[in-house]
Amino acid sequence: MKNLKRTLAFISALSIVGTLSACSDSGEQTPEATLAATVETTAPKELSDEEKESVAAVDVGDDEKLENGKVRWLATYDINPAKGKPKDFSLELFETKYGGSIEWINTTWENRFTDLSTLVVGGDAPDMFPAQEFDTFPSKVVEGMFLPWDEYIDFNDTELWNEGGKKLSDMHMLGGKHYVCATSSESKCLMIYNQKTIDENSLDDPRELLAEGNWTWDTFRSMCVEYCDRENDKFAYDSWYFETQFVLTTGVAPITVENGLVVNNIASPEMERAENFMYNLKKDDLPLPKAEFDWTEQPQRVPEGKTLFYPIATWALWETNLTGLGTPEEIRFVPMPKDPDADKYYLPANMDAYTLCKDAQNPEGAGAFMKCKLIAEKDESAQQITFDQWRKDYGWTDEMFEMWRTVRELTDENPVVSFHMGLPKDVADIVDDRIKQASFNGTDWATTREEINGLTQVTVDELNEKIKANFS
């Protein structure tokens, strides 16, 4: 379920209602799900007449409906809403303006790339595949599994693109072409906390520190030291989302793509600084000792006043029953703290993002749907519909909306992503695991770096040779 929820976390904040609701109802795909088991979608909850009028009033710049409106989508989750759930604004726009539809081809997390290859080889290629997990690029692109979007989307149309989506799309380029369309950006990690715990322990309020420009690694650590007390079962933070995202606040990711080539930053001073900081947190017994809790997250400890921070992606505030984190009035969150030695406030980014499959049968339709996603992202009516739904279905407060906007603006300014999960899977898993070891098990970074840097560099060199040969 963890991998599925990580994927869900990357769905656009302004198209989240329909898609996340569909996934939430269906849950994780079962191992019995077959390769081409196209799932018949159930009737969604209709938009109101006023909302439909808002959709109809949108100018997409195209006068004719698509000759072929069906776009085939291979994923572990459906873009169409589940029964009784509201339809996403962008999907309604795609259906209304282009006569479009999304056909979901169900797959499992473990088999998704194998299923994609099987369909392509069999002459039955889907059109789109999710890119939210950052594991389609660069290696799967280098393997020839995906096509560039540039023939079907104008990446230079400034009226169409939002800041975060454009920056993230530009990060996914080889040979001057875009291999991922990121229709929106989102924070990869929020630091969720309970205001009651802050008040009862007379701690600085992270929101105030952020407003003062003083929410940094140092103030974060000071809060953790002041709060933690093993004898009373009080720890600083707990989740699977902290470690890698903390590294990204340096502005340097473990693996980047620069000037069309893959770059290994495992041995960078920025990574060493971040890893040593987390090592010292662990040495001082500040993070929740996961091994003592069966390596399972314990979010219920936040409202109990036993864990100070619950770092996790924004989906937790859409998918989770908020009463599990406290009352709506108690729930607070801020972005990751700033690296005091970095030149800018860098933040880890998520994205609502899509790839175009090799031998796609309807790339024009896929491009039209991407256009609808981008238009909905900037449309005020779409935003209002989404915000109203958050209040109704998820219990969001005005304070939560205000901070969400702040975090998103900060993320859009200086988004950072790592492509280490886009390396071949065996290497990707090793790198991803080792990044966490300083915080999980108190392993010093010098030891970890020596374990993985050589293997990582060999892998990067091999990828770059293929890129030079095929994407120049």
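1. Helix α16 (398-413) contributes the most residues, five, to the lining of the second largest pocket. A pocket here is an open set of points on a 1 Å grid over the protein atoms alone, with protein on both sides within 12 Å along at least five of seven lines, and a lining residue has an atom within 4 Å of a point. Helices (H or I, at least four residues) and strands (E, at least two) are DSSP runs numbered from the N terminus.

2. The model is predicted: local features need pLDDT of at least 70 and side-chain atom pairs pLDDT 80 or more, while totals for chains, interfaces and linings use all residues. Residues are numbered from 1 along each chain as its sequence is written, and side-chain values use heavy atoms, without hydrogens and water.

3. The lining of this pocket has 12 residues, and Gln-383, Trp-404, Arg-408, Glu-409 and Asp-412 lie nearest the centre. Besides α16, the elements giving two or more residues are α14 (363-378) and α15 (380-394).

4. In the protein, 58% of the 472 residues are buried, meaning under 20% relative accessible area with a 1.4 Å probe, protein chains only. There are 19 helices and 16 strands.

5. Which residues of α7 (163-171) are buried? They are Gly-164, Gly-165, Leu-168 and Ser-169. Seen down the axis of α7, these fall within an arc of 125 degrees, so they line one face of the helix; the arc is taken over directions from the helix axis to the C-beta atoms. Their cover includes β8 (181-187), β15 (347-357) and α16.

Technical notes:
Buried means under 20% relative accessible area, exposed over 50%, partly exposed in between (1.4 Å probe, protein chains only). Contact means heavy atoms within 4.5 Å. On a 1 Å grid over the protein atoms alone, a cavity is a set of points where a 1.4 Å probe fits but cannot get out, and a pocket is an open set with protein on both sides within 12 Å along at least five of seven lines; lining residues have an atom within 4 Å of a point.
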